[in-house]
There are 2 protein chains.
Amino acid sequence: MDEFERIDRLIAPLASGHPGTYGLANDGAVFACSAGNELVLTKDMMAEGVHFLPDDPPDLVARKLLRTNLSDLAAMGAAARGYLLGLALDANRDDTWIASFFSGLAQDQEIFGITLLGGDTILSERGVLTLSLTAIGEVAAGRALTRSGAQAGDIVAVSGTIGDSALGLMVLQEKLAALGPQSAAFLGDRYRLPQPRLALGAALIGLARAALDVSDGLLADAGHIARRSGLRVELDWPQVPLSAAAREAVDARPDLRGNIVAGGDDYELLFTLPEAHWPDIERLALVCDTPVTRIGRCVAGEGVALLDAGGAELATFMRGWRHGSRE
Amino acid sequence: MDEFERIDRLIAPLASGHPGTYGLANDGAVFACSAGNELVLTKDMMAEGVHFLPDDPPDLVARKLLRTNLSDLAAMGAAARGYLLGLALDANRDDTWIASFFSGLAQDQEIFGITLLGGDTILSERGVLTLSLTAIGEVAAGRALTRSGAQAGDIVAVSGTIGDSALGLMVLQEKLAALGPQSAAFLGDRYRLPQPRLALGAALIGLARAALDVSDGLLADAGHIARRSGLRVELDWPQVPLSAAAREAVDARPDLRGNIVAGGDDYELLFTLPEAHWPDIERLALVCDTPVTRIGRCVAGEGVALLDAGGAELATFMRGWRHGSRE
């Protein structure tokens with residue numbers, strides 16, 4: 001397939017839902033923001049061998065690339081609208097790989113109701129496969145969630161379960177044996193296919209004071225909120241929500257608790273809110289079909305503490321998490 | 001310099017002009033489009049060894065990356081507002097290289113009045129340096145220039161001079177000897193530092209019927225207009241504007257005419273308009289300090305023809321240009 005066939009067969013159909021892309025036949029795409037809204041823009045890159053494994057299925061690589069960006073939109077409460085794709089193909093990419101990659105994007109476009117708005121494909125034969133995606137969302141003007149609005153007295157909550165992705169990567173790298181096959185498969189899926197919490201993110205507007213998505217690791221990301229909001233975040237280890245598979249892993253190997261709170265790539269929402277809003281959040285979480293769990297509180301001070309059931313600080317399995325403790 | 005120092009010292013200052021970037025401390029940036037306008041979005045990637053030479057100065061690599069995207073905005077008549085940057089660093093990038101790269105962006109931000117809105121930096125040690133940029137512009141709603149509006153009877157015009165960049169690359173690759181040192185330096189500069197025609201592009205709105213920027217080569221890009229507008233474009237070789245340096249080269253080696261019309265990377269605007277608007281264009285070109293030249297016409301039919309002074313088709317030095325004859 002040459003470049004033009006690739007555009008006609010695989011890429012242009014992904015842009016057909018938005019007239020302003022002109023079928024990708026122009027120098028750029030035109031995009032109108034709805035009245036009263038403003039845009040939210042995010043950009044993430046991924047390279048083979050760094051952000052995904054060489055034998056990861058190409059459709060899942062594409063969907064992870066898209067979803068990590070959508071998760072950033074969710075963290076700010078934005079609705080996803082579209083994206084631009086950059087693809088630097090290396091010498092190993094054949095038509096089958098490329099077709100599968102774009103079929104993954106097509107699948108997620110359906111799921112998230114978005115369209116491709118433009119992009120660029122280059123051949124870089126000496127390089128490794130490198131991907132770049134810019135996602136575009138919309139949020140009511142002035143209402144975007146940020147990391148800096150938390151206040152002492154806020155409770156801290158998180159969506160979904162934490163640690164699955166870090167354990168899933170270990171499974172795929174064959175560094176985590178002695179797990180049941182179902183648990184192993186579940187964790188691997190959680191690594192390969194994040195679930196951006198867009199509905200919950202939008203629901204948090206007006207209720208949450210600070211929010212972000214957990215990508216650097218629970219402790220590091222709680223640290224981002226602490227630093228940007230000028231306070232201390234205390235998290236209760238016994239409340240951190242674990243999947244059954246992660247529970248199975250950590251019961252067998254307690255040292256994995258460190259991987260769970262520091263591992264990253266969870267793409268769950270971590271947010272703070274006044275206690276009075278918690279019942280609203282619980283109700284909306286049901287509507288969004290996204291579990292939420294209270295896991296801590298904001299207090300005066302700085303930094304992050306992880307506490308055991310008695311309120312004592314758990315330091316032993318937190319060593320090393322500081323690698324990602326800033327943005 | 002670690003990742004956080006790099007963000008604090010080099011990257012965050014580039015985003016300080018736009019409050020919605022929150023100093024790059026959030027998951028994304030908020031961006032409001034002015035009332036009555038819509039956005040224009042473009043994305044280009046570049047890889048070392050493909051789109052720039054390993055020993056190109058890093059500040060000029062950065063500025064070329066930015067300017068090729070700004071040229072796409074110019075082609076649609078949009079005003080440049082901001083950009084997101086993706087940087088996949090290879091093992092060869094040291095602090096000096098990176099600092100120079102960002103100083104080039106800082107310089108062009110001043111010149112074009114734009115700010116960094118976000119982005120991502122990754123380390124890809126086995127890869128080659130790969131760059132991705134998404135540029136964001138604004139245009140009055142419904143007024144963006146496209147490739148598809150040309151009509152039979154329109155005249156065809158182009159800004160600046162054509163072929164300098166293709167010849168400049170040959171100079172830098174030492175494939176074009178026997179040029180005076182001034183001419184050689186001029187052509188090399190034209191390859192390394194495109195001049196996006198933003199003022200002219202904006203001025204074309206309401207006057208031009210179709211426009212694009214010459215990136216694939218004059219003939220190929222004229223072919224894009226012909227195909228998208230459903231007509232034939234005739235270009236007059238004697239009218240194609242050449243710089244003194246390009247004239248010197250082509251006088252010595254007439255075979256270089258093919259490189260001039262097929263070479264690409266000119267980043268000049270090619271546009272069509274009704275004859276009646278030509279005096280307006282000439283006046284605005286003076287205001288914009290951007291020379292424009294009539295070089296042909298749109299007629300019924302399809303494809304592109306390059307004609308000599310007598311109106312006969314020049315085929316001999318057009319062989320091979322079809323490589324870029326589609327989008």
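1. **Ground rules.** The model is predicted: local features need pLDDT of at least 70, side-chain atom pairs count only at pLDDT 80 or more, and totals for chains, interfaces and linings use all residues. Residues are numbered from 1 along each chain as its sequence is written, while chains are lettered from A and ligands numbered from 1 in the order in which they are written.

2. **Overall build.** Chain A holds 10 helices and 11 strands. Both are DSSP runs numbered from the N terminus: helices are H or I with at least four residues, strands are E with at least two. The C-alpha trace of chain A spans about 65 × 50 × 30 Å along its principal axes. Chain A has a radius of gyration of 20 Å, which agrees with the value near 20 Å for a compact globule of 327 residues. That radius is taken over C-alpha atoms, and the globule rule is 2.2 Å times the number of residues to the power 0.38.

3. **Two domains.** Chain A splits into domain 1 (3-140) and domain 2 (155-324). The bounds come from an automatic or database domain assignment. The domain centres, taken over C-alpha atoms, are 27 Å apart.

4. **Where the domains touch.** In chain A, 16 residues of domain 1 are in contact with 16 residues of domain 2. Contact here means C-beta atoms, placed from the backbone, within 7 Å. On the domain 1 side, α2 and β3 of chain A are the elements that give two or more residues. α2(A) gives the most, with 11 residues. By class, this side of domain 1 has eight nonpolar, three polar and five charged residues. Nonpolar covers Ala, Val, Leu, Ile, Met, Phe, Trp, Tyr, Cys and Pro; charged covers Asp, Glu, Lys and Arg; the others, Gly among them, are polar.

5. **The six-stranded sheet.** Chain A has an open sheet with the order β7-β9-β6-β10-β8-β11 and mixed pairing. Strands pair if DSSP finds at least two bridges between them. β7 and β11 (303-307) of chain A stand at the edges with a single partner strand each, so one side of each has no neighbour in the sheet. Neighbouring strands are turned by 25 degrees against each other on average, direction ignored. β7(A) pairs with β9(A) (residues 269-273) in the antiparallel sense over four bridges. Asp213(A) has Leu269(A) in β9(A) as its bridge partner.

6. **Helices on that sheet.** α7(A) (residues 218-229) lies across β7, β8 (232-236), β9 and β11 of chain A, at about 135 degrees to β11(A). α10(A) (residues 278-287) lies across β6 (155-159), β9 and β10 (292-299) of chain A, at about 150 degrees to β10(A). Axes are lines fitted to C-alpha atoms, for helices over the stretch in contact; angles run from 0 to 180 degrees between N-to-C directions.

7. **Pairing in chain B.** β6(B) (residues 155-159) and β10(B) (residues 292-299) pair antiparallel over five bridges. Ile155(B) stands opposite Arg297(B) there. β8(B) (residues 232-236) also pairs antiparallel with β10(B), over four bridges. In that pair, Arg232(B) stands opposite Val299(B).

8. **A sheet across two chains.** Which strands make up the open sheet of five strands? The order is β4(A)-β3(A)-β5(A)-β2(A)-β1(B), with mixed pairing. β4 of chain A and β1 of chain B are the edge strands, each pairing on one side only. The twist averages 20 degrees from one strand to the next. Eight bridges join β3(A) to β4(A), which run parallel; Gly86(A) has Asp120(A) as its bridge partner in β4(A). At the chain crossing, three bridges join β2(A) to β1(B) (residues 29-31), and the two run antiparallel. Val40(A) stands opposite Val30(B) in β1(B).

9. **The chain contact.** In chain A, 53 residues are in contact with 52 residues of chain B. Elements giving two or more residues to the chain A side include α1 (3-15), α2 (58-75) and β5 (130-140) of chain A. β2(A) gives the most, with nine residues. The chain A side divides into 28 nonpolar, 13 polar and 12 charged residues.

10. **Symmetry.** Chain A can be laid on chain B with an RMSD of 0.0 Å by a turn of 180 degrees and a shift of 0.0 Å along the axis. That is the relation of a two-fold axis. The copies are superposed by least squares on the C-alpha atoms of residues with pLDDT of at least 70 in both. The same surface serves both copies: 98% of the contact residues of chain A recur in chain B. Gly127(A) comes closest to the rotation axis among the residues of chain A, at 2.2 Å (C-alpha).

Key: Contact = placed C-beta atoms within 7 Å.
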